[in-house]
Amino acid sequence: MTELHTDRLVLRPWRDADLEPWAAMNADPEVRQHLGDLLTREQSEASMVRFRAAFDRRGYGWWAVEVRATGEFIGFAGMDDVDDGMPFTGVEIGWRLARAAWGQGYATEAARAVLEHGFDALGLPEVLAVTTAGNLRSQAVMRRIGMSRDPAGDFDDPGAPEGPLRPNVLFRLARAAAAGAGAPGSG
């Protein structure tokens, strides 16, 4: 499995030692605010198993993210195929960080590395990002990495209950646009 390195982060394969901090993140109501129900330790462990299997099968997926200087696990970042039943297809970028890692630019830094990998190593023509309409922090990261909102692609998540998790927004970044702007995928 490919590792990605940035100035401050390492995006790497999941380790068994990641389970406890991963489960703690998924049990944090603030971290899960725009994602839905809190996850149990067992659900968090099952997600790690799925992440590893997806990487083995496809060669991309969700990397564990650690701080390079300390080795501290702070969350995940990566790409996944858009779920079946969505009103669009493609590859989606995403991230989730522990609350203590918020506000330090880590999500943007990790996302840029993921975009570069998607465009340069995988040759993706476009990368998508989706979040709830109320998740302004993630939308800000999407803008910082060069993505543009596609209002025509906004949708109600069919898997979400009525309420604030249902309305979702769609962002896009085409490889050609990234290359023209000198963003990831330009080299």
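Strand 2 and strand 3, the latter covering residues 62–67, pair in the antiparallel sense over four bridges, where two strands count as paired if DSSP finds at least two bridges between them. The strands and helices named here are DSSP runs numbered from the N terminus, a helix being H or I with at least four residues and a strand E with at least two. This is a predicted model, in which local features need pLDDT of at least 70 and side-chain atom pairs count only at pLDDT 80 or more, while totals for chains, interfaces and linings use all residues. Residues are numbered from 1 along each chain as its sequence is written, and side-chain values use heavy atoms, with hydrogens and water left out.

Three residues lie between strand 1 and strand 2, which together form a hairpin.

In a regular strand the side chains alternate between the two faces of the sheet. In strand 2 (residues 9–12), Leu-9 and Leu-11 point one way, Val-10 and Arg-12 point the other way, and all are buried, meaning under 20% relative accessible area with a 1.4 Å probe and protein chains only.

Helix 3 (residues 106–121) holds Glu-109. Apart from its neighbours within four places in sequence, Glu-109 is in contact with Thr-6, Asp-7, Arg-8 and Leu-9, contact meaning heavy atoms within 4.5 Å. Glu-109 is buried, with a relative accessible area of 15%.

Technical notes
Buried means under 20% relative accessible area, exposed over 50%, partly exposed in between (1.4 Å probe, protein chains only).
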